[in-house]
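Please open the model in your viewer and keep the selection panel at hand.

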Amino acid sequence: MKIVNDRLAFKKFIKDVAQKVVERRKAKGITQVQFAELMGCKQSTIARIESGKTNPTLRTLWNINRVLDMEWDYPFPLRQGSTPPPEPYIYASTSLPDMS
């Protein structure tokens with residue numbers, strides 16, 4: 001299987017994720033400073049995530065999920081000729097899965 005290396009598609013994906021995070025944070029009525037406190041990081045980290053200037057780790061995405069009650073479901077296209085969905089599927093969750 002040949003892996004597709006498409007930097008532009010990846011950058012768009014990161015921007016889409018960033019936009020969804022901003023929308024959800026604002027919908028919850030919290031500032032970047034408050035979000036950073038809840039995430040246990042600096043406000044500058046939140047600004048980089050929300051501007052799409054950083055590639056969040058899985059741990060960071062997990063914490064975003066925890067704080068903003070979001071779930072992430074994105075089928076990554078790994079095969080030549082695969083077509084990604086128009087944007088990541090990110091939606092509000094009523095509860096977090098039990099990870100114990």
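Helix axes are lines fitted to C-alpha atoms over the stretch in contact, and the angles between their N-to-C directions run from 0 to 180 degrees. With that in mind, select helix α1 (residues 7-27) together with α3: their axes come within 6 Å and cross at roughly 120 degrees. Angles of 65 to 115 degrees count as roughly perpendicular, and α1 and α3 are therefore oblique to each other. Display the side chains at this contact: α1 contributes Lys15, Ala18, Val21, Val22 and Arg25, while α3 contributes Ile49, Glu50 and Ser51. Sorted by class, the contact of α1 with α3 comprises 4 nonpolar, 1 polar and 3 charged residues.

Now show the whole chain. The model is a predicted one, and its protein chain contains 4 helices and 2 strands. Read from the N terminus, the elements follow the order α-α-α-α-β-β. Of the 100 residues in the protein chain, 29% are buried. Among contacts with a separation of 6 or more, 58% are between residues 24 or more positions apart.

Next, select helix α2 (residues 32-39) and helix α4 (residues 58-68). How far apart are the axes of α2 and α4, and at what angle do these helices pack? The axes lie 10 Å apart, and the angle is about 115 degrees. The two helices, α2 and α4, are therefore roughly perpendicular to each other, and their crossing is right-handed. For the residues in contact, display Phe35, Leu38 and Met39 in α2, which meet Thr60, Asn63, Ile64, Arg66, Val67 and Leu68 in α4. By class, the contact of α2 with α4 has 6 nonpolar, 2 polar and 1 charged residues.

Remain on α4 and highlight its buried residues, which are Leu61, Asn63, Ile64, Asn65, Val67 and Leu68. Then step just past the end of α4 to aspartate 69, where phi is positive, at about 55 degrees.

Finally, colour the chain by pLDDT. The average over the protein chain is 76, and 65% of the residues score at least 70. Which elements have the highest and the lowest mean pLDDT? Helix α3 (residues 43-51) has the highest, 96, and strand β2 (residues 89-92) the lowest, 45. Select residues 75-80, where pLDDT stays under 50 and the model has 14 contacts beyond four places in sequence. End with residues 84-96, where the pLDDT is also below 50; this stretch has 36 contacts in the model beyond near neighbours in sequence.

Terms used: Residues are numbered from 1 along each chain as its sequence is written. This is a predicted model: local features need pLDDT of at least 70, side-chain atom pairs count only at pLDDT 80 or more; totals for chains, interfaces and linings use all residues. Side-chain values use heavy atoms; hydrogens and water are left out. pLDDT is the predictor's confidence in each residue, from 0 to 100. Contact means heavy atoms within 4.5 Å. Angles under 35 degrees count as roughly parallel, over 145 as roughly antiparallel, 65 to 115 as roughly perpendicular and the rest as oblique. A crossing is left-handed if the near helix is turned anticlockwise from the far one by less than a right angle, and right-handed if clockwise. Ala, Val, Leu, Ile, Met, Phe, Trp, Tyr, Cys and Pro count as nonpolar, Asp, Glu, Lys and Arg as charged, and the others, Gly among them, as polar. Buried means under 20% relative accessible area, exposed over 50%, partly exposed in between (1.4 Å probe, protein chains only).
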